[in-house]
Amino acid sequence: MEENRKRKHFIAVLGTGGYQRCTYYFGGRECDTRFVQEAVLKLMCGELSGGDRITICLTEEARNSNWEDRAYSQWEIDKHIGTADEMRLGLHSVLKSCFEDLPDAGQYICIEEKDIATGKDSHEIAQMFSEIYDVIDEQEEIYFDVTHGLRNIPMLVMAILEYAKVTKNISIGGVYYGAFEVGAPDMETKQKRVPIYDLTFYHTILTWSNAANSFIKYGHADEIHDLMSEKWSVIARTAAKGQNLRELSGNLNNVAKCLQGFTSSLETGRGDVEYSGGIRKSYEKYESQQKTASEHLVEEYYPFRELLDRIERKMGGFKDARTNLQTGMAAIDWCIGNHMVQQGYTALEETLKTFLCEKIGVPQGEEFWRETVVKRLCTSLYDVIEKDRAQLDRRYGEWKASLQQRGGKQAEEGLEKGGELFGLIVENECCRNLVKLMDKTSNKRNDISHFGFTDHTATADSLKNELENLADEFRRIQEEWDA
């Protein structure tokens with residue numbers, strides 16, 4: 001098996017019926033056989049290599065009827081299906097014959113059988129789930145024929161494959177169904193021609209469901225991006241696809257990239273609206289790409305089309321968030337809604353600094369103003385904010401002395417603006433409440449950042465709940481301040 005190629009694993013369920021000889025076809029290829037399993041294997045699985053596997057799931061009745069070679073029954077003889085002197089070849093012999101002409105045929109591929117329950121009740125359905133799941137190995141490429149067995153088999157198989165994608169890192173080569181009931185006799189040969197249906201799209205819908213759930217509930221766009229990238233890579237290298245579809249696919253792939261860029265900027269706290277990789281710029285890139293692409297969606301991208309409206313609603317808080325403060329508030333809401341607790345505390349503390357920078361009119365994106373002036377001055381006053389003026393003046397004096405040692409024009413400007421902030425703290429109750437809020441937020445942020453190794457470690461639940469409470473308190477302070 002060539003390097004980096006996943007081992008192919010063809011799995012099928014064997015039924016108990018008569019398996020009439022017919023011609024199965026898919027696209028321009030066809031296979032004349034009694035067993036749809038053979039047709040799917042030959043038409044849909046591509047070239048097999050050493051180490052690839054075939055597993056046939058069967059009940060005891062299916063084993064006796066169609067897996068092992070046997071004499072024809074009297075009913076079959078009466079119907080001229082076979083004679084008393086013949087042996088009716090079972091699927092096992094038929095599959096082995098598929099590889100007789102290949103080098104080292106005996107060791108070329110492993111043909112396995114797996115006994116399964118009939119699935120007549122919930123207990124047997126659970127048993128069947130584990131029985132089929134257990135035959136799948138890590139990192140295989142699975143091809144599944146769901147033609148035969150009970151009617152619950154296709155639904156069960158879809159669930160198994162989706163589960164194994166997560167737990168065993170498999171990929172799906174295809175899911176297929178031989179539609180015997182819609183076949184029609186060939187006018188010349190009188191033998192029935194039966195189409196094979198590719199049901200892989202049903203599995204794709206499940207995969208899109210997981211990707212949609214990941215974004216809508218938790219704000220992660222990686223799965224959407226990966227699905228779009230996979231779809232684009234297939235269409236881009238397929239000459240049969242029209243140029244318009246390839247261009248559309250490229251556009252939609254760019255939409256997914258921009259969406260992932262947006263969520264990544266939130267996950268990593270890129271809050272400065274001037275930064276090219278920040279939340280605001282990433283949102284604008286997504287919005288620009290989405291407007292162009294969403295007008296021309298086609299069937300191949302139906303799942304993404306349905307998701308775009310939900311994405312737009314979820315990102316609605318950023319639509320008019322053009323300033324650092326507005327972007328920070330939208331990011332806080334996003335973090336709360338998507339269980340991003342650590343990022344939420346970071347966004348809240350930094351947006352508190354942004355708010356105070358805005359109030360005293362200093363550059364919001366410069367570390368000197370955010371940390372040396374706003375943060376350090378507020379930190380100096382946290383624990384004496386409600387005490388007498390003398391203690392406030394003493395702490396303010398210590399802060400001034402530290403900044404004066406720095407010297408230079410920027411330090412002089414910092415002292416001036418620091419004095420303005422100190423005046424707000426002394427005179428404005430909203431500002432004092434904001435300083436106390438910054439202290440609470442900073443302590444929670446440090447608790448998380450230091451992995452819980454602090455003197456006052458909070459519980460996980462309290463950290464989650466307190467984030468929303470502190471954000472609500474910030475909004476109240478803003479409203480009172482600006483009233």
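Student: At roughly what angle do the axes of helix H15 and helix H18 cross?

Tutor: The model is predicted. Helix H15 covers residues 367-381, and helix H18 covers residues 429-449. Their axes come within 10 Å. The crossing angle is roughly 90°.

Student: Is H15 roughly parallel or roughly perpendicular to H18?

Tutor: The axes of H15 and H18 cross at roughly 90°. Angles of 65 to 115 degrees count as roughly perpendicular. H15 is therefore, relative to H18, roughly perpendicular.

Student: Which residues in H18 meet H15?

Tutor: H15 brings Val374, Lys375 and Cys378 to this contact. By class, the contact has 4 nonpolar, 1 polar and 1 charged residues. On the H18 side, the residues are Val435, Met438 and Ser442.

Student: How are H16 and H17 oriented, roughly parallel or roughly antiparallel?

Tutor: Helix H16 spans residues 389-406 and helix H17 spans residues 409-427. They pack at about 165°, with axes 9 Å apart. Angles over 145 degrees count as roughly antiparallel. H16 and H17 are therefore roughly antiparallel.

Student: What is the handedness of the crossing where H16 passes H17?

Tutor: The axes of H16 and H17 lie 9 Å apart. The crossing of H16 past H17 is right-handed.

Student: How many nonpolar residues are in the contact of H16 with H17?

Tutor: H16 supplies Arg389, Leu392, Asp393, Tyr396, Trp399, Lys400, Leu403, Gln404 and Arg406. H17 answers with Gln410, Ala411, Gly414, Leu415, Gly418, Gly419, Phe422 and Val426. Of the residues in this contact, 5 are polar and 4 are charged. The nonpolar count is 8.

Student: Is Gly419 buried or partly exposed?

Tutor: Gly419 sits in helix H17. The relative accessible area of Gly419 is 25%. Buried needs a value under 20%, and exposed one over 50%. Gly419 is therefore partly exposed.

Student: How is H14 set against H17, roughly antiparallel or roughly perpendicular?

Tutor: H14 and H17 pack with their axes 10 Å apart. The angle is about 105°. That makes H14, relative to H17, roughly perpendicular.

Student: Which residues in H17 meet H14?

Tutor: The H14 side consists of Leu356, Lys359 and Ile360. The contact has 4 nonpolar, no polar and 3 charged residues. On the H17 side, the residues are Lys417, Glu420, Leu421 and Leu424.

Student: Which residues have the most contacts inside the largest nonpolar core?

Tutor: This core has 75 residues. Its largest share, 9 residues, comes from helix H14 (residues 341-360). The residues with the most contacts inside the core are Ile224, Ile311 and Leu356.

Student: Which residues does Ile224 contact, leaving aside its neighbours within four places in sequence?

Tutor: Ile224 is one of the residues with the most contacts inside the largest nonpolar core. Ile224 contacts Trp208, Ala211, Phe215, Ala256, Leu259, Phe304, Leu307 and Ile311.

Student: Is Ala211 buried or exposed?

Tutor: Ala211 is in helix H8 (residues 200-218). Leaving aside its neighbours within four places in sequence, Ala211 contacts Glu223, Ile224 and Leu227. The relative accessible area of Ala211 is 0%. Ala211 is therefore buried.

Student: What is the relative accessible area of Met315?

Tutor: Met315 lies in the loop between helix H12 (302-314) and helix H13 (324-337). Leaving aside its neighbours within four places in sequence, Met315 contacts Phe215, Leu259, Phe262, Tyr283, Tyr286 and Trp334. Met315 is buried, and its relative accessible area is 1%.

Student: What is the phi of Tyr19 near?

Tutor: Tyr19 lies in the loop between strand S1 (8-13) and strand S2 (22-26). Tyr19 is buried, with a relative accessible area of 7%. Most residues other than glycine have a negative phi. The phi of Tyr19 is positive, near 50°.

Student: Where does Asn169 lie?

Tutor: Asn169 has a positive phi, near 55°. At 40% relative accessibility, Asn169 counts as partly exposed. Its place is the loop between helix H7 (153-167) and strand S9 (171-178).

Methods
Residues numbered from 1 in each chain as written. Predicted model: local features only at pLDDT ≥ 70, side-chain atom pairs only at ≥ 80, totals over all residues. Heavy atoms only, no water. Axes fitted to C-alpha atoms, helices over the stretch in contact; angles between N-to-C directions. Helix = DSSP H or I, 4+ residues; strand = E, 2+ residues; numbered from the N terminus. Parallel < 35°, antiparallel > 145°, perpendicular 65-115°, else oblique. Left-handed = near helix turned anticlockwise from the far one by under 90°. Contact = heavy atoms within 4.5 Å. Nonpolar A, V, L, I, M, F, W, Y, C, P; charged D, E, K, R; others polar. Core = buried A, V, L, I, M, F, W, Y, C linked by side-chain atoms within 4.5 Å. Buried < 20%, exposed > 50% of the residue type's maximum accessible area, 1.4 Å probe, protein only.
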